[in-house]
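Open your viewer and get ready to select a few side chains. We will go from stop to stop and look at what sits around each one.

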Amino acid sequence: MAGAGVLQQRLAELEERMRRLHNGGDPDDPFLTQASATLENLKQLSEDGRENSTFSNLVQLYAQAILDVTYFEENQLVDEDFLEASSLQKVEQLIHVLSEPETLIKESGENEPLAVLGVELLECLYWRRGALLYMFCHTVKGRKEWLRDKMETFKKFLSEGVDYLVKMLGFRCSVNPNEELVYQDVDTSRLLHEGVFSDTHLLAMMYSGEMCHWGLSYFGKGKPQLRSTDSGSNSEQDCSAQTEALDFRDTGEKMLQKYVAVCEGPLRAHEWNTRNARLILDYFKQLSS
């Protein structure tokens, strides 16, 4: 099977990571337990060569194990309030690990990540990276001494965090307008048209808008380039604007306008808070006036 050797190497690395976490933390943690079970299942499938041991199935299990292991590690970082002495290196490591499924697919010469992983797993990998960078930046922006020494890192993380979240929102582009007639509920039709398929999609809009706000607050109207990460999409016509340079104001405005429109429209009965989003939108307007 193509990529089998590369996958075995990745499994060995992930098992070693699991051992370190078991030794240094709670071995009964549910996410570590789930990750261990997924890894064991993955090892058996890859060794037995069963009919359902396709490259796609194996990489999907590998990605799920990574999501479980890194979730445990992310919770540790949050509980420790992103320790100033060690959290930067750990965040960079986690971003690298969460990128491994896509890297594995590329190294194996297989199909695009979206075709191999499926939309839900790929969305989750991008969401987790974007949300991690959001949480880290949210914490360190209040540390003046850290920012003074690491301003370029902060800028890079903001740009990459927005990139991950915007791409996550683009994997399921708006449904075809002609298909909206299928939905009897107008609100449901509008949510799908706006690309909102879960609470996570809404949070991604708000988080990316906030990070754009921080970017403008610290760096003005600069336009740092987006990371050259592969979106995993098979089609260049799908959400092609995501490959352009990141403009914090323009991107943040689009994300928050969508967030407010959805929260105060189809989801108005669910009481999503739009106060901060509106304050940031007012800030963006002041910059352009």
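Start by selecting Arg 129 and Tyr 126: Arg 129 lies over the face of Tyr 126, at 4.3 Å from the ring centre. Keep in mind as you look that this is a predicted model.

Stay with the rings for the next stop. The structure holds 13 aromatic pairs. Tyr 126 belongs to helix H7 (residues 119-140) and Tyr 164 to helix H8 (residues 144-170), so the pair ties together parts 38 residues apart in sequence. Is Tyr 126 buried or exposed? Tyr 126 is buried, at a relative accessible area of 0%, and Tyr 164 also counts as buried at 0%.

Now select Phe 154 and Tyr 218. Their ring centres are 5.2 Å apart and their planes stand at 80 degrees, so this pair is edge-to-face. Phe 154 is in helix H8 and Tyr 218 in helix H10, 64 residues apart, so to speak a link between distant parts of the chain. Phe 154 is buried at 0% relative accessibility, whereas Tyr 218 is partly exposed at 35%.

Next, show Phe 82, Phe 136, Trp 146 and Phe 157, which ring pairs link into a cluster. Then move to Arg 172, whose charged end sits over the ring of Phe 197, 4.9 Å from its centre.

Finish at His 213 in helix H10 (residues 199-219). Leaving aside residues up to four places away in sequence, His 213 touches Ile 280, Tyr 283 and Phe 284.

How values were computed
Residues are numbered from 1 along each chain as its sequence is written. This is a predicted model: local features need pLDDT of at least 70, side-chain atom pairs count only at pLDDT 80 or more; totals for chains, interfaces and linings use all residues. Side-chain values use heavy atoms; hydrogens and water are left out. Helices (H or I, at least four residues) and strands (E, at least two) are DSSP runs, numbered from the N terminus. Contact means heavy atoms within 4.5 Å. Rings of Phe, Tyr and Trp (its six-membered ring) pair if their centres lie within 6.5 Å; planes under 30 degrees apart count as stacked, over 60 as edge-to-face and the rest as tilted. Buried means under 20% relative accessible area, exposed over 50%, partly exposed in between (1.4 Å probe, protein chains only). A charge sits over a ring if NZ of Lys or CZ of Arg is within 6 Å of the ring centre and within 35 degrees of the ring normal.
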